[in-house]
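Work through the exercises below with the sequence and the model at hand. Each task is followed by a worked solution.

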Amino acid sequence: MIKILLAEDVHMVRGALVALLELEPDLQVVASVPRGDLIVPSALESRPDVAVIDIDLPGVDGLTAAAELHDRVPDCRTLILTSLGRPGTLRRAMAARVSGFLLKDSPPTRLAQAVRSVASGQRVIDPELALSAWEAPDNPLSPRETQVLRLAARGADAGEIADHLFLTQGTVRNYLTAIVDKLNARNRIDAIRIAEEAGWIP
(Lines give C-alpha, C1' and ligand atoms only; values in the text may rest on other atoms or scores of the structure.)
Protein backbone atom coordinates (compact mmCIF):
# COMPACT_ATOMS: atom_id res chain seq x y z
CA MET A 1 0.00 0.00 0.00
CA ILE A 2 1.38 3.41 -1.02
CA LYS A 3 0.60 6.09 1.58
CA ILE A 4 -0.14 9.55 0.18
CA LEU A 5 -0.25 13.06 1.62
CA LEU A 6 -2.31 15.44 -0.52
CA ALA A 7 -1.92 19.23 -0.42
CA GLU A 8 -4.53 21.25 -2.34
CA ASP A 9 -6.16 24.50 -1.22
CA VAL A 10 -9.43 24.23 -3.18
CA HIS A 11 -11.72 22.12 -0.99
CA MET A 12 -13.75 20.57 -3.81
CA VAL A 13 -10.66 19.70 -5.85
CA ARG A 14 -8.96 18.21 -2.78
CA GLY A 15 -11.98 16.02 -2.08
CA ALA A 16 -12.15 14.89 -5.71
CA LEU A 17 -8.46 13.98 -5.76
CA VAL A 18 -8.75 12.01 -2.51
CA ALA A 19 -11.72 10.08 -3.92
CA LEU A 20 -9.91 9.50 -7.21
CA LEU A 21 -6.74 8.18 -5.57
CA GLU A 22 -8.62 5.94 -3.14
CA LEU A 23 -10.37 4.18 -6.02
CA GLU A 24 -7.00 2.51 -6.60
CA PRO A 25 -6.54 -0.66 -4.50
CA ASP A 26 -2.85 0.04 -3.77
CA LEU A 27 -3.16 3.73 -2.86
CA GLN A 28 -4.21 5.22 0.48
CA VAL A 29 -4.51 8.93 1.32
CA VAL A 30 -3.29 9.18 4.92
CA ALA A 31 -3.44 12.99 5.17
CA SER A 32 -4.82 15.96 3.22
CA VAL A 33 -4.04 19.61 3.95
CA PRO A 34 -5.20 22.94 2.45
CA ARG A 35 -1.99 24.94 3.09
CA GLY A 36 1.70 24.65 2.27
CA ASP A 37 2.84 25.37 5.81
CA LEU A 38 0.92 22.30 7.04
CA ILE A 39 2.69 19.84 4.72
CA VAL A 40 5.81 19.12 6.78
CA PRO A 41 4.05 18.85 10.19
CA SER A 42 1.45 16.53 8.65
CA ALA A 43 4.14 14.44 6.92
CA LEU A 44 6.11 14.09 10.16
CA GLU A 45 2.95 12.71 11.78
CA SER A 46 1.56 10.51 8.97
CA ARG A 47 4.86 9.42 7.32
CA PRO A 48 3.57 9.20 3.72
CA ASP A 49 5.50 7.55 0.89
CA VAL A 50 4.47 10.24 -1.61
CA ALA A 51 3.30 13.83 -1.18
CA VAL A 52 1.09 15.12 -4.00
CA ILE A 53 1.42 18.91 -3.79
CA ASP A 54 -0.34 21.70 -5.67
CA ILE A 55 2.25 24.30 -6.65
CA ASP A 56 0.06 27.30 -5.67
CA LEU A 57 -0.74 27.05 -1.97
CA PRO A 58 -1.38 29.63 0.76
CA GLY A 59 1.04 29.84 3.68
CA VAL A 60 4.02 28.39 1.82
CA ASP A 61 4.11 27.70 -1.92
CA GLY A 62 4.30 24.08 -3.07
CA LEU A 63 7.93 24.15 -4.24
CA THR A 64 9.19 25.71 -1.01
CA ALA A 65 7.26 23.09 0.97
CA ALA A 66 8.63 20.32 -1.26
CA ALA A 67 12.22 21.43 -0.64
CA GLU A 68 11.62 21.52 3.14
CA LEU A 69 9.91 18.14 2.98
CA HIS A 70 12.94 16.68 1.21
CA ASP A 71 15.14 17.83 4.11
CA ARG A 72 12.81 16.93 6.99
CA VAL A 73 11.20 13.71 5.66
CA PRO A 74 13.73 12.39 3.10
CA ASP A 75 11.89 9.08 2.62
CA CYS A 76 8.84 10.91 1.27
CA ARG A 77 8.91 11.59 -2.47
CA THR A 78 7.10 14.56 -3.97
CA LEU A 79 4.83 14.93 -6.99
CA ILE A 80 3.99 18.53 -7.92
CA LEU A 81 0.67 19.35 -9.59
CA THR A 82 0.30 22.56 -11.58
CA SER A 83 -2.09 24.12 -14.05
CA LEU A 84 0.78 26.11 -15.59
CA GLY A 85 3.41 24.34 -17.65
CA ARG A 86 6.04 27.07 -17.50
CA PRO A 87 9.61 25.93 -18.22
CA GLY A 88 11.07 28.10 -15.46
CA THR A 89 8.69 26.55 -12.95
CA LEU A 90 9.86 23.07 -13.94
CA ARG A 91 13.46 24.15 -13.41
CA ARG A 92 12.57 25.43 -9.94
CA ALA A 93 10.85 22.13 -9.24
CA MET A 94 13.97 20.21 -10.23
CA ALA A 95 16.06 22.47 -8.01
CA ALA A 96 13.69 21.67 -5.13
CA ARG A 97 14.47 17.97 -5.81
CA VAL A 98 10.91 16.94 -6.52
CA SER A 99 10.36 13.49 -7.96
CA GLY A 100 7.59 14.38 -10.38
CA PHE A 101 5.89 17.28 -12.13
CA LEU A 102 2.42 16.73 -13.56
CA LEU A 103 -0.06 19.08 -15.23
CA LYS A 104 -3.50 19.20 -13.59
CA ASP A 105 -5.24 18.52 -16.90
CA SER A 106 -3.53 15.12 -17.22
CA PRO A 107 -5.90 12.12 -17.40
CA PRO A 108 -6.91 10.72 -13.96
CA THR A 109 -5.18 7.40 -14.69
CA ARG A 110 -1.96 9.34 -15.27
CA LEU A 111 -2.03 10.67 -11.69
CA ALA A 112 -2.31 7.21 -10.13
CA GLN A 113 0.44 5.87 -12.38
CA ALA A 114 2.64 8.88 -11.58
CA VAL A 115 2.22 8.24 -7.84
CA ARG A 116 3.26 4.61 -8.32
CA SER A 117 6.27 5.59 -10.44
CA VAL A 118 7.43 8.24 -7.97
CA ALA A 119 6.98 5.82 -5.05
CA SER A 120 9.22 3.31 -6.84
CA GLY A 121 11.99 5.88 -7.19
CA GLN A 122 11.39 7.04 -10.75
CA ARG A 123 11.16 10.62 -12.01
CA VAL A 124 7.89 11.62 -13.68
CA ILE A 125 7.89 14.69 -15.94
CA ASP A 126 5.58 15.54 -18.83
CA PRO A 127 7.76 15.01 -21.98
CA GLU A 128 6.65 18.20 -23.75
CA LEU A 129 7.26 20.23 -20.62
CA ALA A 130 10.71 18.70 -20.20
CA LEU A 131 11.59 19.60 -23.80
CA SER A 132 10.37 23.18 -23.41
CA ALA A 133 12.39 23.54 -20.19
CA TRP A 134 15.48 22.27 -21.98
CA GLU A 135 15.01 24.84 -24.77
CA ALA A 136 14.00 27.76 -22.55
CA PRO A 137 16.53 30.53 -21.83
CA ASP A 138 18.20 30.68 -18.43
CA ASN A 139 17.10 33.28 -15.91
CA PRO A 140 19.29 36.33 -16.70
CA LEU A 141 18.72 37.84 -13.26
CA SER A 142 21.16 37.43 -10.39
CA PRO A 143 19.85 35.89 -7.15
CA ARG A 144 19.67 39.39 -5.58
CA GLU A 145 17.84 40.83 -8.59
CA THR A 146 15.40 37.94 -8.41
CA GLN A 147 14.79 38.69 -4.71
CA VAL A 148 14.16 42.37 -5.48
CA LEU A 149 11.76 41.60 -8.32
CA ARG A 150 9.90 38.99 -6.24
CA LEU A 151 9.27 41.58 -3.52
CA ALA A 152 8.22 44.15 -6.13
CA ALA A 153 5.78 41.60 -7.57
CA ARG A 154 4.20 41.32 -4.12
CA GLY A 155 3.53 45.07 -4.11
CA ALA A 156 6.50 46.29 -2.06
CA ASP A 157 7.84 49.75 -2.94
CA ALA A 158 11.55 50.66 -3.07
CA GLY A 159 11.62 51.65 0.61
CA GLU A 160 10.01 48.40 1.77
CA ILE A 161 12.34 46.32 -0.44
CA ALA A 162 15.33 48.23 0.94
CA ASP A 163 14.25 47.58 4.54
CA HIS A 164 13.57 43.89 3.87
CA LEU A 165 16.93 43.26 2.16
CA PHE A 166 19.01 45.69 4.26
CA LEU A 167 19.86 47.85 1.24
CA THR A 168 19.60 51.56 0.50
CA GLN A 169 16.69 52.79 -1.60
CA GLY A 170 19.16 53.99 -4.22
CA THR A 171 20.60 50.47 -4.52
CA VAL A 172 17.11 49.01 -4.89
CA ARG A 173 16.29 51.51 -7.66
CA ASN A 174 19.54 50.57 -9.40
CA TYR A 175 18.58 46.90 -9.21
CA LEU A 176 15.10 47.62 -10.62
CA THR A 177 16.61 49.61 -13.51
CA ALA A 178 19.05 46.77 -14.26
CA ILE A 179 16.20 44.22 -14.14
CA VAL A 180 14.10 46.19 -16.62
CA ASP A 181 17.13 46.47 -18.95
CA LYS A 182 18.06 42.78 -18.68
CA LEU A 183 14.53 41.62 -19.45
CA ASN A 184 14.06 44.17 -22.27
CA ALA A 185 10.94 45.27 -20.42
CA ARG A 186 9.05 48.55 -20.84
CA ASN A 187 8.86 49.13 -17.08
CA ARG A 188 8.81 47.39 -13.72
CA ILE A 189 5.28 45.95 -14.25
CA ASP A 190 6.32 44.53 -17.61
CA ALA A 191 9.46 43.02 -16.03
CA ILE A 192 7.31 41.30 -13.38
CA ARG A 193 5.02 39.90 -16.10
CA ILE A 194 7.97 38.58 -18.14
CA ALA A 195 9.60 36.96 -15.11
CA GLU A 196 6.35 35.40 -13.88
CA GLU A 197 5.52 33.95 -17.30
CA ALA A 198 9.00 32.45 -17.52
CA GLY A 199 8.68 30.99 -14.01
CA TRP A 200 11.72 32.90 -12.74
CA ILE A 201 9.84 34.29 -9.73
CA PRO A 202 7.22 32.28 -7.80
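Two strands count as paired if DSSP finds at least two bridges between them. The model used here is predicted.

**Exercise 1.** Determine which strands pair with β5 (residues 100-103), and in what sense.

Solution. Start with strand β4 (residues 77-82): β4 and β5 are parallel and share four bridges. Within this pairing, leucine 81 has leucine 102 as its bridge partner. Next take strand β6 (residues 124-125), which runs parallel to β5 and is joined to it by two bridges. Here phenylalanine 101 is partnered with isoleucine 125.

**Exercise 2.** State the handedness of the β-α-β unit made by β5, helix α5 (residues 108-119) and β6.

Solution. The unit formed by β5, α5 and β6 is left-handed.

**Exercise 3.** Are the residues on the two faces of β5 buried or exposed?

Solution. In a regular strand, side chains alternate between the two faces of the sheet. For β5, one side carries Gly100 and Leu102, and the other carries Phe101 and Leu103. All of these are buried, so by the cut-off each has under 20% relative accessible area. Both faces of β5 are therefore covered.

**Exercise 4.** Find how the buried residues of helix α2 (residues 39-46) are arranged, and what they pack against.

Solution. List the buried residues: Ile39, Val40, Ser42, Ala43 and Ser46. Viewed down the axis of α2, they fall within an arc of 160 degrees, so they line one face of the helix. Their packing partners are β1 (2-7), β2 (27-33), β3 (50-54) and α3 (62-72). After α2 comes arginine 47, with a positive phi near 50 degrees.

Notes:
Residues numbered from 1 in each chain as written. Predicted model: local features only at pLDDT ≥ 70, side-chain atom pairs only at ≥ 80, totals over all residues. Heavy atoms only, no water. Buried < 20%, exposed > 50% of the residue type's maximum accessible area, 1.4 Å probe, protein only. Right-handed = clockwise from strand over helix to strand, strands pointing away. Arc of directions from axis to C-beta. Contact = heavy atoms within 4.5 Å.
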